[in-house]
Amino acid sequence: MEYSILIVITPFLLFLFLGLVGGKLKPNVAGLIGTLGMGLCAVLAYTVAFQYFFNVGKIGESWSQIVPFNFVWLKFTDLLHIDLGVLLDPISVMMLVVITTVSLMVHIYSLGYMKGETGFQRYYALLSLFSFSMLGLVVATNIFQMYIFWELVGVSSYSLIGFYYQKPSAVAASKKAFIVTRFADLGFLIGILILSFYTKTFDFASLTANDAELVTTSFAGGTFMGLSLATWALALIFMGGAGKSAMFPLHIWLPDAMEGPTPVSALIHAATMVVAGVFLVARMFPVYFFAAPDVLTMIAYVGAFTALFAAVIAITQTDIKRVLAFSTISQIAYMMVALGVSEYGGHDGLGYMASMFHLFTHAFFKALLFLGAGSVIHAVHSNEMKDMGNLRKYMPITNITFAIACLAIAGIIPFSGFFSKDEILAAAYHNHPAIFWTLWFVAGLTAFYMWRLYYSIFWNGDKKYDGHHKPHESPWTMAVPLVILAVFSIFSGLIPFANFISSDNMPFYTHIDWKVASLSLVVAVTGIFVARMLYRKASTKPAEIAQKMGGLYTASLKKFYMDEVWGWVTKTVVFRYICEPIKWFDRHIIDGSMNGLAWVTQKSSTAIRGLQSGQVQFYTWFFVAGTLVIALLVLFL
Amino acid sequence: MIKLEFYLVISTLMFFIGIFGFITRKSMIAVLISLELVLNAVEINFAAFNRFLFPHQLEGMFFALFGIAITAAETAVALAIIINAYRKLGNININDASKMRG
Amino acid sequence: MNPIVNLILFSILGLAMLLLSVFAITTKSLLRSATYLLLVLICTAGIYLFLNYHFLAAVQVSVYAGGVVILFVFAIFLTTKKDEALLPHEKKRYLYAALMILFGTGVTFFMLWKSKFLFSNNTVVFGDEQLSMQLIGQTLMGTEKYQYLLPFEVLSVMLLACIIGGILIARKDKEL
Amino acid sequence: MNFSNFLLMGQETGLIVVVIILFFCDIFSTGKTAKWFYPLSIILFSILTLWGFCPKPEGEAFGGIFVTSDMTVLMKNILNIATLLVFLQSYRWLNSKEQSEEKGEFFIITLITLLGMYLMVSANNFMMLYIGMETASLPLACLAAFNKHQEKSAEAGVKFILISALASAVMLFGLSFLYGAMGTLYFNDMSLTVLNNPVTIFGLVFFLGGLGFKLSLVPFHLWTADVYEGAPTSVTAYLSVVSKGAATFALIFALFKVFGSMDIVWQNIIWWLSVITITLGNLFAIRQKDIKRFFAFSSISQAGYILVGIIAYNAQGMTATVYYILAYVFSNLAAFAVISAVENQSGKTSIAAFNGLYKSNPKLTLVMMLSVFSLGGIPVCVGFFSKLFIFLAAASAGQYVLIFIVVLNTVISLYYYLLIILAMFIKEPEESAVATFKSDIYNRIGMLICVVGILAVGLVSGIYSYINSLNWVI
Amino acid sequence: MNILLLFVFIPILMIGLLFLTNSMKTIRSIMVAGATALLALSIVLVILFLRERAIDPIAEMLFISSWSWYAPLNISFTVGVDGISVAMLMLSSIIVFTGVFSSWNMNMAKEFFLWYCLLSIGVYGFFITIDLFSMFMFYEVALIPMYLLIGLWGTGKKEYAAMKLTLMLMGGSAFLLVGIIGIFYTSGHVTFNLLEIANNLHIPIEHQRWIFPATFLGFGVLGALFPFHTWSPDGHASAPTAVSMLHAGVLMKLGGYGCFRVAIYLMPEAAHELGWIFLILTGISVVYGAFSAVVQTDLKYINAYSSVSHCGLVLFAILMMNRTAMTGAIMQMLSHGLMTALFFALIGLIYGRTHTRDIREMGGLMKIMPFASVCYVIAGLASLGLPGLSGFVAEMTIFVGSFQNAGVFRTVLTIIACCSIVITAVYILRTVGKILYGPVQNEHHLHLADAAWYEKISTVGLILAIVFMGFYPSGVAEMISNSIIPIIERLAGV
């Protein structure tokens with residue numbers, strides 16, 4: 001299966017080609033080349049998936065890890081070296097499919113959405129770069145390769161968020177996204193350093209082999225501040241994941257990242273990059289489970305809190321992309337929770353499977369949501385709900401596909417979200433009831449805010465639009481991806497996921513836990529119903545309720561002031577209390593002491609000028625006195 | 001009995017008296033006169049050492065002899081220069097010869 | 001001569017010399033100063049006589065007293081305007097100078113006092129015999145060890161240079 | 001009387017002959033032939049200089065008063081080269097309206113002082129050393145007052161003669177005690193009887209005071225700047241290089257030959273002298289506005305470096321010191337060549353006169369630049385090597401602390417040397433800036449020699465090896 | 001004839017030719033020809049070196065030649081290279097080459113290039129020699145031209161900056177000189193040759209205790225070691241483009257190289273004993289430089305402080321004293337040299353057009369000069385350690401290597417040093433965001449031209465080098481790493 005490397009290399013070549021000579025091509029040509037290239041990738045990815053799952057992947061009862069391609073890129077020591085290679089196992093193959101599919105859809109969609117933008121070629125080049133990085137990330141054979149591509153996706157994300165580089169808010173958002181994730185990556189890096197120091201390897205296979213035996217044995221009881229070093233290492237690695245996957249409190253960059261073009265949000269900030277953190281934990285799951293179960297618990301709690309937190313914020317947001325962004329945070333938190341509550345092996349590893357399953361389905365319906373939102377924005381040239389309403393009449397395809405996606409995310413049977421979310425809830429139900437109830441509540445909130453979104457956009461009175469800006473259905477380049485993704489959103493839940501993906505790579509059987517399912521269905525339907533009551537028609541009720549909620553509403557609207565907290569940390573603490581004092585110290589103390597030396601020299605030069613008085617008799621006095629002093633010193637000392 | 005240290009004491013005192021004059025006199029010529037005292041003192045030293053401690057050779061005495069000659073030459077040159085300075089500066093006040101300083 | 005008389009004479013001479021030195025450097029008149037110097041130099045010649053260096057004493061009197069002091073007198077006449085008083089310096093300078101020479105005398109005496117060896121073997125008694133002129137001549141003109149032809153010659157060259165230099169500097173220059 | 005003694009005094013005799021020839025030429029030359037006097041002097045002296053490089057016999061003469069060895073011959077050659085360079089620089093000054101009558105005197109007096117310096121180098125007896133030193137200083141006072149039309153020059157003459165006379169008195173005072181302590185003035189005999197007793201130390205200190213005057217070591221240095229500023233530039237050059245070189249050689253011989261056994265004492269003195277000399281010289285140099293004064297303080301601090309080499313008290317120290325003087329000759333005289341060219345052209349000696357010199361006279365500027373770089377110890381100029389060898393010599397005596405202090409001082413010295421560079425290259429010229437001019441051929445030859453010296457002496461290692469191979473103890 | 005000598009002879013030849021000419025065209029062609037020859041020579045050297053190394057994997061240095069120079073003092077002129085010096089020579093050639101193009105339109109070009117060649121003689125000479133005496137000589141040769149290059153062709157407070165830079169570096173070299181003399185004498189004053197001192201002689205530990213700090217500090221000043229780094233911001237800010245490039249790109253590397261080659265290599269015992277002091281200082285450098293860069297508003301100051309941080313990392317890694325970290329240190333030197341040169345080239349380009357370096361007065365340059373801006377972004381990304389560019393490889397090697405040391409002290413320091421990557425991101429992105437993105441601040445900027453062809457050569461050349469190193473680090477790392485073995489063995493033998 002050596003050709004699988006092509007999946008990674010093709011986008012890179014596309015990036016080089018488009019980046020270097022793209023400017024000389026016509027925009028359409030460049031876009032087409034990018035799209036075709038991505039299409040090739042997608043075809044290859046499907047082939048690989050097919051071949052893996054139905055041909056070569058299963059050895060005996062379990063899914064094997066195939067490394068068709070690997071080479072040493074940079075050798076640190078004899079044991080530690082960065083390899084670049086391709087690792088095929090169920091989750092990476094699954095990710096290949098997800099990424100190429102969504103990416104292809106976004107490529108196609110962008111042909112229409114981005115039409116006429118300056119920098120169209122650059123846009124495609126960057127998309128290719130992102131695809132390359134993301135693909136490289138998921139097929140990483142070792143943790144350092146993952147780190148490399150981890151950084152690369154960060155940069156591509158940065159460039160794409162800041163695509164409209166003349167817009168200050170976009171620039172600020174891109175900067176924020178990069179720096180926050182970079183901060184998280186610092187943890188990741190230190191985690192890798194600690195881990196590799198003890199295990200002497202970066203290789204995933206070696207790390208996870210035999211119930212992560214290498215990790216559990218090599219750490220040998222080192223502790224730091226009361227926690228074992230393994231816990232520290234893995235917690236730090238999770239910090240990296242949390243940054244990319246926008247877990248509280250590192251989530252602040254994601255809503256701002258919506259400044260980027262909408263297709264980019266769909267691809268990077270909904271479907272692929274943001275789940276890298278989940279993927280990372282999943283990749284190292286045995287290590288977490290055996291070496292640092294505490295961290296898993298922490299992940300579960302962080303996830304649960306983030307899910308609730310983001311959902312509460314999503315309720316009050318009026319920018320449709322921000323609603324989606326918080327919804328994304330919330331859904332990714334679901335995946336994290338699933339991993340956190342999971343155990344290892346067989347049915348105990350249900351959470352692991354559920355997490356991957358949700359990742360899979362979420363990718364499609366969330367991409368669909370974003371693309372649909374993009375379609376709307378394309379039509380009304382605004383992100384604000386208040387500028388929308390009644391669009392179902394103008395944009396039927398968008399309306400239907402959006403509704404499908406909303407049903408999916410709300411977890412309505414038989415849409416894909418139902419199945420994956422149900423598995424997560426089931427996994428939580430058995431292990432952490434408190435978390436289960438939280439998630440259950442969040443499911444209701446999810447249904448509510450998604451449908452609030454839906455109704456606000458497509459219903460909500462019969463708003464009229466001026467002739468000039470009359471909304472219209474999007475061109476086919478945008479509609480087709482919507483439809484395709486809608487199909488995925490409907491049916492992807494039917495895949496028997498446990499057959500393919502499990503914590504120990506052994507297929508197992510799952511069934512729908514109807515008790516949990518019914519609970520979640522009830523709450524979801526309730527949510528939808530409430531949303532329908534409030535937002536189907538234009539009314540003042542929401543405002544009244546908001547009025548009643550008072551502080552809570554404002555807090556939610558202001559995203560619980562997390563931006564301000566971080567702003568305070570960076571602006572005040574880092575800038576004012578660290579950097580400025582250092583600057584002052586550097587100029588006045590360090591530099592001042594150097595200049596002070598010069599000053600002292602000059603001063604002493606002036607101070608002794610009196611010696612050179614011009615008076616011969618003084619010279620003589622000095623002469624003889626000097627001689628005498630020397631004589632005295634030498635004679636008597 | 002006249003001892004060596006008598007000579008040495010006299011010459012030392014004269015030496016420093018001369019130095020004192022050198023430092024405190026205001027006229028260049030007076031300074032030069034003080035200098036003569038200094039040199040004279042040193043020559044006494046040589047002669048006395050020679051006679052008392054190493055009378056078999058005449059090194060000290062000849063040193064004193066040459067010293068006298070050199071002193072004479074020195075005085076001559078110095079006076080010439082002082083006269084020259086007098087022409088330029090208008091007097092022989094040593095304090096006036098301090099245009100260059102710092 | 002009686003050693004005691006000798007000692008008394010020597011003491012008088014020495015004291016006179018020191019006193020005259022002090023006068024030479026304190027008197028306000030330059031001419032007087034030169035005169036005191038002359039007396040000091042003659043006293044010094046006396047000291048040389050005590051040491052039995054008659055030749056040296058003769059040179060001292062003829063060169064110093066005869067030559068140098070005359071030079072001084074001429075120079076004084078050339079450079080001193082009438083009734084030009086030599087104003088004393090400010091007091092501070094005297095103080096510093098005095099401190100310094102006290103210090104210097106102290107150091108020197110202390111050094112002499114510390115070197116006991118000088119005091120132990122200075123009882124050498126020297127007779128009245130004079131240095132023969134022949135010996136002096138040979139020493140001055142010889143090329144062996146303890147003979148000083150070369151310094152003598154060099155001295156003459158130096159004197160030449162000093163003469164040339166002195167004339168060059170002291171002669172009145174054509175006005176430009 | 002044995003005249004074969006004079007055979008050992010080849011260079012001295014040659015010098016006397018040159019003096020006599022010049023003397024008569026000066027007397028008998030009239031208006032028409034007067035213009036040949038300068039070239040004749042240069043040629044005669046060049047011949048003498050070249051002749052100095054011919055092999056010479058070694059040995060003692062006049063019963064050990066005078067000693068000549070390959071080392072002394074080399075030292076005299078170095079002094080010759082320096083003097084020749086000074087002569088080359090003085091062409092325009094000597095042919096100026098004021099000075100044209102007194103060319104002959106200048107050469108004769110200078111050469112006689114040079115003779116004095118020869119004798120300082122070759123002296124093997126303190127009396128000879130003293131007479132040599134007086135021969136070298138007294139006529140120099142006349143030279144300092146040579147510019148009779150300038151008040152400054154007269155003042156310089158007064159200062160120089162008074163302090164030099166006092167210095168010689170102080171030195172004599174010291175010598176008298178040395179004589180008293182050891183009973184002889186012959187180096188060879190003294191080294192046998194020298195004892196570490198108070199009288200000897202006292203004498204040594206006063207002797208050092210006298211030589212320190214010539215070397216302008218702190219605290220015996222105060223006359224330096226005033227005299228350098230006031231004296232004619234060529235005389236300043238002569239004072240700062242030749243006179244200093246001769247004093248160094250005399251000092252090193254006296255210390256090495258006579259006081260070898262009490263090296264701890266004088267090394268201590270030299271240590272402190274060197275540190276304060278360099279530091280004070282540097283501190284003063286920093287804020288000088290007159291270039292001659294500036295170079296006076298620079299040369300004071302250079303004298304401190306020389307001491308660093310002497311402190312080693314071994315053959316390496318001797319070699320390094322001599323080499324240092326050689327390097328210093330070329331470096332410092334290159335600067336004075338430029339100064340005198342500028343001064344003779346514009347009559348200005350302020351550093352500000354050099355502002356923007358690069359724009360008008362790039363070649364002069366480059367010479368000056370090489371010179372200050374060499375003085376500051378920047379490779380590949382010879383100054384770098386000479387400084388390094390001095391330090392190596394000091395290190396061979398374990399004087400690391402001294403090296404450290406001195407090296408730190410080089411940073412200060414670099415500061416003020418760079419001020420010259422700053423003025424010449426970077427500063428904008430003043431309104432009355434020095435215009436573009438062509439210096440006379442003699443000065444240019446001189447500068448060329450200096451530049452070749454600065455660049456070649458360091459890189460061609462043979463010179464150091466040659467100095468190192470010379471023996472200096474007969 | 002040793003091939004290494006060509007590195008010195010070519011610039012000397014260039015100086016000679018420059019003296020003879022006055023026309024701008026000839027000057028340029030001489031410089032381009034010479035710089036190209038040097039670049040070609042470096043490439044040839046790399047190839048020859050690799051071939052020789054394959055034949056003789058044991059010898060510590062290759063292409064060794066020695067000429068006795070000052071025989072009485074046992075001073076020889078000895079040249080020789082190992083993988084590290086070859087890498088540094090390559091770096092120097094690249095930067096000299098690109099620097100020529102970056103200073104295409106200098107006034108007083110002849111003088112400028114004369115000094116420029118002299119500077120490069122110093123740099124090349126330093127890297128090819130392996131005896132302390134010649135090293136020191138070339139070190140000083142490299143320092144002095146800086147004064148005039150900054151003083152004459154600089155901008156702003158150039159006189160002050162030039163003086164400060166020269167004096168501080170010379171102050172450093174004062175320590176160095178004492179150290180070198182100390183090494184020579186305490187090892188028995190037999191030779192200045194590094195290899196012989198290292199292999200045959202021994203410096204007693206009580207002397208190492210003072211020589212090691214002296215030499216390390218001496219070289220450290222040039223490597224912008226805290227708290228002796230203040231020459232760097234002022235110096236760089238005032239220097240003309242090519243000089244900044246050469247200075248930050250190569251000259252500062254002399255410091256790291258020297259610490260490594262002299263201080264650590266010759267005095268392993270003292271390095272073990274006293275390394276921690278400097279480790280703390282370098283640790284401070286790394287973070288401190290980065291934090292300082294965050295609040296600067298002058299582009300060159302930002303870059304200068306960033307250099308403090310990056311060069312601090314070099315010394316930091318050297319002091320970690322294991323093979324990986326040291327390899328990383330050398331790679332960081334290469335990487336920092338390239339990217340900081342690129343930065344300065346671009347800053348010069350921007351400054352030449354906008355006449356300001358204040359980031360508050362610029363904006364939206366991406367639209368006005370896309371080529372330069374993209375290059376700037378690439379430089380920034382290299383600086384903040386984007387994989388695929390040189391910075392990442394170097395930093396990761398350093399961090400992984402440093403982390404291989406046991407003990408809380410070094411581990412904690414490594415973690416602190418790691419933090420710099422975040423701060424780096426902050427100031428890089430802040431700068432990029434301010435000057436390249438956003439709306440155009442100044443209307444006059446709208447008509448500015450993008451990079452000219454010669455500037456493009458210079459930037460593209462550097463970017464290619466950065467990318468090459470970022471994509472193919474193992475070749476570089478291996479060459480360097482093999483040359484570190486002897487040093488590691490000496491350190492381990494303690």
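**Figure 1. Chain B runs α-α-α from the N terminus on.** This is a predicted model. Chain B has three helices and zero strands. Its radius of gyration is 17 Å, well over the 13 Å that the globule rule gives for 102 residues, so chain B is more spread out than a compact globule. Along the principal axes, the C-alpha trace of chain B spans about 50 × 25 × 25 Å. Of the 102 residues in chain B, 76% count as buried. Among contacts in chain B with a separation of 6 or more, 49% join residues 24 or more positions apart.

**Figure 2. Chain C is built from seven helices and zero strands.** Read along the sequence, the pattern of chain C is α-α-α-α-α-α-α. Chain C has 176 residues, and 34% of them are buried. Residues 24 or more positions apart supply 44% of the chain C contacts with a separation of 6 or more.

**Figure 3. Helices α2(D) and α3(D) pack at an angle of about 160°.** Helix α2 covers residues 37-52 of chain D, and helix α3 covers residues 70-89 of chain D. Their axes are 9 Å apart. The angle makes α2(D) roughly antiparallel to α3(D), because angles over 145 degrees count as such. The crossing of the two helices, α2(D) and α3(D), is left-handed. From α2(D), the contact takes D:Ser41, D:Ile42, D:Phe45, D:Ser46, D:Leu48, D:Thr49 and D:Gly52. From α3(D) come D:Val73, D:Lys76, D:Asn77, D:Asn80, D:Ile81, D:Leu84, D:Phe87 and D:Leu88. Sorted by class, the contact of α2(D) with α3(D) has eight nonpolar, six polar and one charged residues.

**Figure 4. Helices α14(D) and α16(D) cross at roughly 145°.** Helix α14 spans residues 315-346 of chain D, and helix α16 spans residues 362-376 of chain D. The two axes come within 8 Å. The crossing of α14(D) and α16(D) is left-handed. On α14(D), the residues in contact are D:Ala327, D:Ser331, D:Asn332, D:Ala334, D:Ala335, D:Ala337, D:Val338 and D:Ala341. Their partners on α16(D) are D:Leu364, D:Val367, D:Met368, D:Leu370, D:Ser371, D:Val372, D:Ser374 and D:Leu375. By class, the contact of α14(D) with α16(D) holds 12 nonpolar, four polar and no charged residues.

**Figure 5. Chain E meets chain A through 38 residues of chain E and 36 residues of chain A.** On the side of chain E that touches chain A, the elements giving two or more residues are α11 (268-294), α14 (365-368), α16 (390-403), α17 (408-435) and α19 (473-492) of chain E. Helix α17(E) gives the most to this side, with nine residues. By class, the side of chain E that touches chain A has 26 nonpolar, 11 polar and one charged residues.

**Figure 6. Eight pairs of chains are in contact.** Of these pairs, chains B and C share the most contacts. Chain B and chain E do not touch, and their nearest C-alpha atoms are 24 Å apart. No contact joins chain C and chain E either. The closest C-alpha atoms of chains C and E lie 37 Å apart.

Technical notes
Residues are numbered from 1 along each chain as its sequence is written. Chains are lettered from A and ligands numbered from 1 in the order in which they are written. This is a predicted model: local features need pLDDT of at least 70, side-chain atom pairs count only at pLDDT 80 or more; totals for chains, interfaces and linings use all residues. Helices (H or I, at least four residues) and strands (E, at least two) are DSSP runs, numbered from the N terminus. A residue is buried if 20 or more other C-beta atoms lie within 10 Å of its own, exposed if 12 or fewer, and partly exposed in between; C-beta atoms are placed from the backbone. Two residues are in contact if their C-beta atoms, placed from the backbone, lie within 7 Å. Axes are lines fitted to C-alpha atoms, for helices over the stretch in contact, and angles run from 0 to 180 degrees between N-to-C directions. Angles under 35 degrees count as roughly parallel, over 145 as roughly antiparallel, 65 to 115 as roughly perpendicular and the rest as oblique. A crossing is left-handed if the near helix is turned anticlockwise from the far one by less than a right angle, and right-handed if clockwise. Ala, Val, Leu, Ile, Met, Phe, Trp, Tyr, Cys and Pro count as nonpolar, Asp, Glu, Lys and Arg as charged, and the others, Gly among them, as polar. The radius of gyration is taken over C-alpha atoms; the globule rule is 2.2 Å times the number of residues to the power 0.38.
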